[in-house]
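This briefing covers aromatic pairs, charges over rings and nonpolar cores. The sequence and the structure come first.

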Amino acid sequence: MEASSSEDMIIWFEEVAKNAGKVQMEILKKILEINHGVEYLEKWFGDIDVHKMDAEALQSLYTSMVPLASHADLEPYIQRIADGETSPLLTKQPITTLSLRLLFRDGLHIAPGQLKEDKSMFPSPPIAPRPLYKCSSWLQHTDQGIFLCPSFSLDLSFSDEFEFDEYILRVYPTKEGGKILEFIYGSKQFKTKGGLSAGTATTHYFASQEFKLKQQQTKSFTCSPEQVITSGDYKQSTYCHFLLGLFYSPDVEFITSTFAYCIVQALTLFEEYWIDLCNDLSQGTLSPRITLPGIRRSVLDLIKPNTHLATWVRAKCEELEGSDWYGLIPKLWPNCKYVYSIMTGSMQPYMEKLKHYAGDHLPLVSADYGSTESWIGVNMDPSCAPQNVTFTVVPAFSYFEFIPLHRQHHKPCDAVVAGGGGDDYLEDDPVPLSKVKIGQQYEIVLTTFTGLYRYRLGDVVEVSGFYKGTPKLNFLCRRKLILTVNIDKNTEQDLQLAVQKGSQPLIKSRAELVDFTSHANIVNQPGHYVVYWEIKGVVNEDVLDQCCKEMDAAFVDHGYVVSRKTNSIGPLELCIVERGTFKKIMEYFIGNGATMSQFKTPRCTTNQVLLKILNLYTIKRFRSTAYQ
């Protein structure tokens, strides 16, 4: 079946969802046939001819012979590709582009361009191979970037750009020729030693023909030209995004960015920029703060003086200032139908602020779920509140396996490595997509067309139900992003819940938590948790003492509670940092090669540079009295 419209793709998806188990076996067979004979697979398959096997037998053979893999297992092959080796290592198709996955392991950013030759600063980065196929292909926004994969010749296949816009359009229809205010950012691409182009996945996408083609096909056009998107200076890009977004204000149909954090960060900057923006709108000029010639030319070619619009925006902004910018988005973009972004997982702490900017009635739509390695699931119910969203797995894009996970309960004698980076799960053997159970937590394992074989993604999900034969997932957290000092094990989700509860007393003070991170301090004994907060507003020290105490008590992990009661873990320390500290952290990462479109504040860090910044700008410290 060939899909020629969004409606056709919905029909296609209904079919693959109904036959998910069969489709998965056929997808795996097609992946292994396409890449038969590559060095990595030959190590396990030897001279077995996968073309002569039926799909079910091949699935059983594959999962019994090929081991689970992490990036460390694939890194030597990826490095050889980056260095210019052209023999089929991971894929049969020639690889001409490498997509960087930005990592924030323990707060350490691994920057583009720093491969093994530059190991003195950073370890070599995970690079997901991205073959460019002569056959039809498609690009799709995902949870942590964009991926490119080949189309395939199953009975249920299609060859066109694959989108599930129809689900959103059914609920929030937009007009043809409308504008999209997109807070999107590219970074510099570079050449590897072997001459391959490398860069972040979003950078590849925003510079691609597919990005332009998508706008033409959907008849919805981004406000900003390519020069603004790819400038490499997020402040100058953000200013111009706003100027053009206001210039086209009546035509803006929705507002989007990769992550909710990016939208919140941009709107925070708007509070500083609005006076200059009004002046530029009135005069058809561009502020001196914009210094890059390419940006200046591209923006000045588009805008014209509009005194009436500038006066209207100025009046709205003066009104908004008095209400702490509540409802900023619908006030300035009255025809905006919704805000679209990734709003789950580590984006949850920014949702209250985003709701504040969106006001009472503007819908917040959670984007689909995926990763740089593969797209995973679609949000079939755009009207669902972000905190309740589920993602329906698309069984035709990769071969999915799921490792059942069970939380451990530690005894005081259990040996645990202190300082973070451990794990708190017991594992069962991986199961195929068709065998997952409702209510069970899993880690996702991927086998992709682009050369990843039984690759552990590191995402922890819970199965909430099924749509026909394919599971619906709740994203919970990243695995191994945890605090641990002794026998305690607290995940990113545990930390977020504790911070959420601990920050409740701020509401009475009309203050808000801007951002946070944490660190397991094991230098001084007993070790203890250190949590860094940036706060907007004035808060009495008694209130912050209460916040510290309630946050400490909110960690309910059995190992932590026992250790606190026996004083083998010391009182939690709450550090209040100066306003703008987390912006400095973001600028540090961006200065080392990250893009705004892919930046996420690390929730737990051992990075000494980050800790130096945090401690340098700490202005108040509090210690918990929860267990006294």
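Which residue lies over the face of Tyr248? Lys179 does, at 4.3 Å from the ring centre; a charge sits over a ring if NZ of Lys or CZ of Arg is within 6 Å of the ring centre and within 35 degrees of the ring normal.

This is a predicted model, in which local features need pLDDT of at least 70 and side-chain atom pairs count only at pLDDT 80 or more, while totals for chains, interfaces and linings use all residues. Residues are numbered from 1 along each chain as its sequence is written, and side-chain values use heavy atoms, with hydrogens and water left out.

**Aromatic rings and charges**

- Rings of Phe, Tyr and Trp (its six-membered ring) pair if their centres lie within 6.5 Å, with planes under 30 degrees apart counted as stacked, over 60 as edge-to-face and the rest as tilted; by this rule there are 24 aromatic pairs.
- Tyr239 and Tyr273 make an edge-to-face pair, 5.3 Å centre to centre with 65 degrees between the planes.
- This pair links distant parts of the chain, 34 residues apart: Tyr239 belongs to helix α10 (residues 234–247) and Tyr273 to helix α11 (residues 260–283). Helices (H or I, at least four residues) are DSSP runs numbered from the N terminus.
- Tyr239 and Tyr273 are buried, where buried means under 20% relative accessible area, exposed over 50% and partly exposed in between (1.4 Å probe, protein chains only).
- Phe247 and Tyr248 also pair edge-to-face, at 5.2 Å centre to centre and 75 degrees between the planes, and both are buried.
- Ring pairs join Phe183, Phe242, Phe270, Trp274, Trp325 and Trp333 into a cluster.
- Over the ring of Phe516 sits the charged end of Arg603, 4.2 Å from the ring centre.

**Nonpolar cores**

- A nonpolar core is a set of buried Ala, Val, Leu, Ile, Met, Phe, Trp, Tyr and Cys residues joined through side-chain atoms within 4.5 Å. The largest has 81 residues, and Phe270, Val299, Leu328, Ile329, Leu332 and Trp333 have the most contacts inside it.
- Helix α11 gives the largest share of this core, 14 residues.
- The core lies between domain 2 (173–362) and domain 3 (482–623) because both give residues to it; the domain bounds come from an automatic or database domain assignment.
- A second, separate core of 43 residues includes Ile27, Tyr77, Met380 and Tyr455.

**A buried lysine**

- Lys353, in helix α15 (residues 351–358), counts as buried because its relative accessibility is 12%.

Technical notes:
Helices (H or I, at least four residues) and strands (E, at least two) are DSSP runs, numbered from the N terminus.
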